Amino acid sequence: GSYAIQASSAEDVRVSTINMTWGTQTGTPSTDLTNLSLWDGSNQFGTTIGTSNDTSNSFTGSLLVPKSTTKIIDVKANVASSATDTMTIVTRLATGSISAVAQVSGNTVTAPTTTTVGQTITYAAGALTITKDSGSTPSKVLTAVSGAPLETLAFKADNETLTLSRLTLKVTSGTSNNFGTIYLKDGSATLGSATLFGGNVVFTGLSVPIDADTTKRLGVYADINGSGVMTPGATASVMVKSDTAVTDLVVNKASGGQLTAAQINTSGSDTDFAVSSVFLFHNTVPTIAKDSAAISALVGTSVDIAKFVVTAVGSRDMRLASLAVKVQATGLGTGGQITTVKLWDGSTQLADNGAATIGNAGVTVTFDNANDTASLLDSYVISAGTSKTFTIKADTTAMRTGLSSGQTANLTVTVEGLT
């Protein structure tokens with residue numbers, strides 16, 4: 001607990017003795033507390049009492065309290081690991097339990113004038129909660145790469161400082177051959193690296209402090225195996241295997257000893273928890289980017305309304321089977337619309353979704369083998385490591401219908417999916 005000692009406006013006082021007793025409580029100071037001490041900020045008042053007395057504890061020291069100022073005295077102690085959870089401890093300053101001397105008059109001063117009871121402190125054991133952090137990597141397609149981010153684990157320590165010494169992760173059953181080395185990182189610093197054995201990866205020899213009532217975030221990364229080793233089309237997640245002490249997870253307490261399984265994820269699962277996003281593995285993965293070439297604001301029967309680049313990243317060729325784009329117009333007047341949306345590769349028309357009519361409400365336009373030109377999308381291939389630039393064209397002749405001079409309409413195109 002803490003107490004405020006205030007000097008009057010007449011003169012400074014120097015406190016020499018503080019005799020602390022106990023209030024109404026369920027705990028037992030002599031067995032629950034060790035190293036009882038008083039502090040003025042970072043300055044200790046008196047000496048530490050190793051074993052608390054159940055009746056009273058007297059501290060002798062020298063604390064100057066300038067006139068018209070207040071000093072805050074903090075009562076500190078170590079709580080024994082044997083202390084029972086939910087038990088309480090309450091400090092108390094009885095009438096006249098503080099002795100001081102006025103620095104001008106030399107008069108002896110005692111305080112408080114009435115018994116002052118401190119805060120009720122409730123014992124609580126250390127606990128740890130491990131979850132998938134909200135900033136973790138979202139689901140995505142993974143191809144052969146080094147150090148792919150998989151997940152951010154959040155470790156929240158309650159009531160006391162903890163130290164993570166051992167952590168066991170696992171991956172979805174049957175997907176181990178997609179992973180090479182797996183890494184545990186604190187920011188950019190690698191804390192450990194290991195390979196999977198039986199679907200598990202164990203990080204030992206760790207010493208990761210997690211301050212009381214704070215959250216520590218650690219990143220999980222992996223080297224993704226390439227063609228010939230990877231199982232294309234497989235999906236997998238990574239997760240904490242279990243909170244079983246010693247074998248899968250070791251967390252040391254500042255008060256001594258280790259957390260038990262009952263003190264980890266107290267309200268959650270004990271196995272297969274903090275599960276990452278789901279990842280799809282392929283030898284090649286598409287990346288999509290806006291083309292750097294500028295598009296002029298033109299009105300016509302077949303004008304460019306968007307350009308984008310698709311790159312086949314990986315070791316295998318990639319076939320483009322379908323494409324969906326979101327076309328969104330704003331500011332159109334009565335009767336204003338965009339029609340006849342087409343997909344082009346340079347001078348070659350790949351598909352024509354002539355049925356699409358876009359007004360002020362956004363429309364998803366799909367290009368696939370139902371509207372492709374001469375079945376081109378049945379065998380359209382982007383070679384591994386190469387890129388293709390695609391153009392979306394449309395009839396915008398009616399875009400200004402219903403608009404007067406000075407009024408403008410806008411058009412936005414977003415690539416929604418590529419398979």
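## Before you start

You're looking at a predicted model, where local features need pLDDT of at least 70 and side-chain atom pairs count only at pLDDT 80 or more, while totals for chains, interfaces and linings use all residues. Residues are numbered from 1 along each chain as its sequence is written, and side-chain values use heavy atoms, with hydrogens and water left out.

## The overall build

The chain's secondary structure comes to one helix and 34 strands. Helices (H or I, at least four residues) and strands (E, at least two) are DSSP runs, numbered from the N terminus.

How does the chain compare with a compact globule? For 419 residues, such a globule would have a radius of gyration near 22 Å, but this chain has 35 Å. That radius is taken over C-alpha atoms, and the globule rule is 2.2 Å times the number of residues to the power 0.38. The C-alpha trace spans about 105 × 65 × 30 Å along its principal axes.

## Inside the chain

Of the 419 residues, 39% count as buried, meaning under 20% relative accessible area, with over 50% called exposed and anything in between partly exposed (1.4 Å probe, protein chains only). The largest nonpolar core has 39 residues, and those with the most contacts inside it include L128, I130 and F155. A second, separate core has 29 residues, among them I305, A306, V310 and V365. To belong to a core, buried Ala, Val, Leu, Ile, Met, Phe, Trp, Tyr and Cys residues must be joined through side-chain atoms within 4.5 Å.

Contact means heavy atoms within 4.5 Å. Among contacts with a separation of 6 or more, 77% come from residues 24 or more positions apart. Take I130: leaving aside neighbours within four places in sequence, I130 touches residues including A154, V240, L249 and F273.

L162 sits in strand β14 (residues 162-171). Is L162 buried or exposed? L162 counts as buried because its relative accessibility is 0%. Beyond neighbours within four places in sequence, its contacts include A127, L128, V208 and L259. L162 and Q258 are 96 residues apart in sequence, but 8.9 Å apart in space, C-alpha to C-alpha.

Now for T88, in strand β7 (residues 88-93). T88 is buried too, with a relative accessible area of 15%. Which residues does T88 contact, leaving aside neighbours within four places in sequence? They are Q25, T26, G27, T120, I121 and T122.
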